[in-house]
Amino acid sequence: MKNIFLSICLFGVISSGLSQELANAPKPFGPLPTQKQIDWQEMEFYAFVHFSLNTFTNKEWGYGDESPALFNPTNLDVRQWARIVKVAGMKGIILVAKHHDGFCLWPSAYTERSVKNSPWKNGNGDLVKELAAACKEYNLKLGLYLSPWDRNRADYGKPEYVTYFRNQLKELLTNYGDVFEMWFDGANGGDGYYGGANETRKINTLEYYNWDETYKLIYQLAPKTLVWGVGPSEARWIGNEEGRAGKTNWSLLRQKDELAGKVHYTEFMSGHEDGEKWVPGEADVSIRPGWFYHSVEDDKVRPLDEMVDIYYESIGRNATLLLNLPVDKRGLVHENDEARLKELVSTIKADFKTELLSKTKITADNVRGNSLEFSAKNVSDGNKNTYWATDHNVKTASITFEFEKPTDIDRVLLQEYIVLGQRVKAFNVEAKVDGNWKTVANETTIGYKRILRIDRVKASALRINITDSKANIVISNIQAYNAPTFVRMPEISRDKNGDVTIKSENGNPVYYSLDGKNPTKKSTLYKGVFRVNKAMTIKAVAIDAAENIISAVKTAKYGASKENWKIVSASSGDLKSADRIIDGNPNTDWSFGNDQNKLPQEITIDLGSLLTLNGFTYMPQQVGNNLNLISNYEFYTSVDNVNWILQSEGEFSNIKHNPIEQVKTFKKVQARYIRFVATSAVAKGQTVSIAELNVTEAL
């Protein structure tokens, strides 16, 4: 009896202790993520694939009248996509199953506009099915993009189209296994084919689709699917197509205001500190300028420097990264894209090769209840479900890591335990150097993950100071690394007269070549401005002399210089300043058109001599908030400034959210004069702007 009594007493003590610890655990604060959202955020990095009729028509947005017979990849291999994605450390693939032109990559029972009426596999193919199988083979998650807008459907804008849209959702969510994310583009309504009507149709995006009912349907069919985009979504667009989140980035959103049209998309970069719903950000970007494959962009894959910045400014700023790989006409991820992805992966792996804090002495000036359950050491135990927490209402605190000997550091990684909400509003990082504390970073939010790139310091200790928090502090992970020195590529520019300037970070020496070969230390050392008037490819590298580390190769291609170009005429605008569009500087711009001089508006340029052309480029205004973007254009050539031939016309698709240089090609032609016509503007404005016009010369 005595032993039984002691056992009961001991059990009571243990139970009391456990209850006390549980009672002492921090309470959730504010809006919280669902388990689905947590699982999604932990994916961090996944791929987008744009591949459809646009690949074969060389468009970004199809009009809706393109024949399904054009879809005919010669060597389609979704396993190649999956292999490349897996090697890159990405966790899934989101396929654009139907873009705005309405062509379906699966044999939908509700339309003839699909792969079943293409030559590919004699109409018996199902690309969604093939990719689902490849994702399963490579242990990747499958996501799907279904455009709510359909420029082909005659019934778009009418109630019956919404039924059609939902029927296709049912097909995608029930026939291909689990779908981790359903992606709804915000582009809805505008001009299109619409069954031959060839007209503009306006809709109210938030009302037309009845998103509440559409979401209910999705969750009934696929409760594991996270829905992104318009409507009451579970994750938000980051507000740009550059793959960059704000330095301040809350996973919260005032979604009620957003659904009422009271939130501008630029606010998505930072979220809302006072948001009432957990809606984390997804940063989307293409590895090339365009979303679909265009052969003229084979040498325009984003440079390694930019890709590394994107990684740190998306995943490193409390967002996920959705990186687009535009599959080419063969049906393959292009070699140049794969090579850049490998370089990115290699760089990131090297940056996070050796963690430095796990063997340090870790202390904090406040630990919740002085309990081991919430010890400072939890931030370095490798367990995502343990955390350092402070006492109730303690919103400022410091955690210190002491090294056995001075250690080089240039990366700091922090994570909040977001199961209990996002709390930290501000923090700083200090390093103890030569016995003195030095502030190396001042930042705001943390969230799921925050990664800081700091100047390298040799520190005997590192201290994180949480200086402001919504509630008591709950941090699950803190890490530090010493990433290899990263030498940025030099910047190359050439003015109208052909004068070339090359700049490098930190004054690193630059070596360049003009013969197409990659430069080395044996190449020409840049000593100052030099002139290149003819068409030329310039390649340059910067070298960190102290560590003998070389940058990636910067390549700049130029046609003949514009020193002999002249503005002949313009239909409106200040002709005296029109030279800005041919000065070689993309940061200067010129505007024409207004309420008195309505679009279309045109400008004519004399190239100074007869050239053989096969295309042109339009660089939109790059500086300012209102960029006065041109949406539709015409481009003419002439040998005598009398007789003109239309060489290209159409739209600059998606330029509103991706205001990059627009490249258009046409058949080889000789010309001395060019005429560019702005026929319409984004948001139907009457004033449009040009930063730079260029021509591409045929070889």
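Predicted model: local features only at pLDDT ≥ 70, side-chain atom pairs only at ≥ 80, totals over all residues.
Student: Thanks! With those names, where is the place of Asp 77?

Tutor: Asp 77 sits in the loop between α3 (53-57) and α4 (78-87).

Student: Which residues is Asp 77 in contact with, leaving aside its neighbours within four places in sequence?

Tutor: With those neighbours set aside, Asp 77 is in contact with Gly 331 and Leu 332. Sequence and space can also be set side by side for Asp 77 and Tyr 636: they are 559 residues apart in sequence, and their C-alpha atoms are 40 Å apart in space.

Student: Moving on to α4, how do I read the way α4 and α5 cross?

Tutor: Look at how their axes come together and at what angle. For α4 and helix α5 (residues 127-137), the axes come within 9 Å and cross at roughly 40°. That makes α4 oblique to α5, and the crossing is right-handed.

Student: Which residues of α4 and α5 meet?

Tutor: From α4 you will find Val 78, Arg 79, Trp 81 and Ala 82, and they meet Leu 127, Glu 130, Leu 131, Ala 134 and Glu 137 of α5. Sorted by class, this contact of α4 with α5 has six nonpolar, no polar and three charged residues.

Student: At what angle do α6 and α8 cross?

Tutor: Helix α6 (residues 159-174) and helix α8 (residues 211-221) have axes that come within 10 Å and cross at roughly 20°. Angles under 35 degrees count as roughly parallel. That makes α6 roughly parallel to α8. The crossing of α6 and α8 is right-handed.

Student: And which residues meet in α6 and α8?

Tutor: Phe 165, Arg 166, Leu 169, Lys 170, Leu 173 and Thr 174 in α6 meet Trp 211, Glu 213, Thr 214, Leu 217, Ile 218 and Leu 221 in α8. By class, the contact of α6 with α8 counts seven nonpolar, two polar and three charged residues.

Student: Let me try another pair. At what angle do α10 and α11 cross?

Tutor: The axes of helix α10 (residues 304-312) and helix α11 (residues 335-351) cross at roughly 55° and come within 10 Å. That makes α10 oblique to α11. On the α10 side, the contact is made by Leu 304, Met 307, Val 308, Tyr 311 and Tyr 312, and on the α11 side by Arg 340, Glu 343, Leu 344, Thr 347, Ile 348 and Asp 351.

Student: Which residues does Arg 340 touch, not counting those up to four places away in sequence?

Tutor: Arg 340, which is found in helix α11, touches Ile 287, Val 301, Arg 302, Pro 303, Leu 304 and Met 307. Arg 340 and Val 301 are 39 residues apart in sequence, yet 7.6 Å apart in space, C-alpha to C-alpha.

Student: How many aromatic pairs does a search of the whole structure find?

Tutor: The search finds 43 aromatic pairs. To read one, check the ring centres and the planes: planes under 30 degrees apart count as stacked. Phe 635 and Phe 666 have ring centres 5.8 Å apart and planes at 25°, so the pair is stacked. Phe 635 is in strand β31 (residues 630-638) and Phe 666 in strand β33 (residues 662-681), so you can see that the pair links distant parts of the chain, 31 residues apart. Both Phe 635 and Phe 666 are buried.

Student: Which residues do ring pairs link into a cluster?

Tutor: The cluster's members include Tyr 156, Tyr 161, Phe 165, Phe 184, Trp 211 and Tyr 219.

Student: Finally, how do I read backbone angles?

Tutor: Here is the general idea: most residues other than glycine have a negative phi, and most peptide bonds are trans. Now the cases here. Asn 318 has a positive phi, near 65°; it lies in the loop between α10 and β12 (319-324) and counts as buried at 2% relative accessibility. Asn 641 also has a positive phi, near 65°, and its place is in the loop between β31 and β32 (645-651). Asn 641 is partly exposed, with a relative accessible area of 29%.

Student: And which peptide bond is cis?

Tutor: Look at the one from Leu 599 to Pro 600, which is cis with omega near 5°. Pro 600 is in the loop between β29 (590-592) and β30 (601-619).

Definitions and conventions. Residues numbered from 1 in each chain as written. Heavy atoms only, no water. Axes fitted to C-alpha atoms, helices over the stretch in contact; angles between N-to-C directions. Helix = DSSP H or I, 4+ residues; strand = E, 2+ residues; numbered from the N terminus. Parallel < 35°, antiparallel > 145°, perpendicular 65-115°, else oblique. Contact = heavy atoms within 4.5 Å. Phe/Tyr/Trp six-rings, centres within 6.5 Å; stacked < 30°, edge-to-face > 60°. Buried < 20%, exposed > 50% of the residue type's maximum accessible area, 1.4 Å probe, protein only. Left-handed = near helix turned anticlockwise from the far one by under 90°. Nonpolar A, V, L, I, M, F, W, Y, C, P; charged D, E, K, R; others polar.
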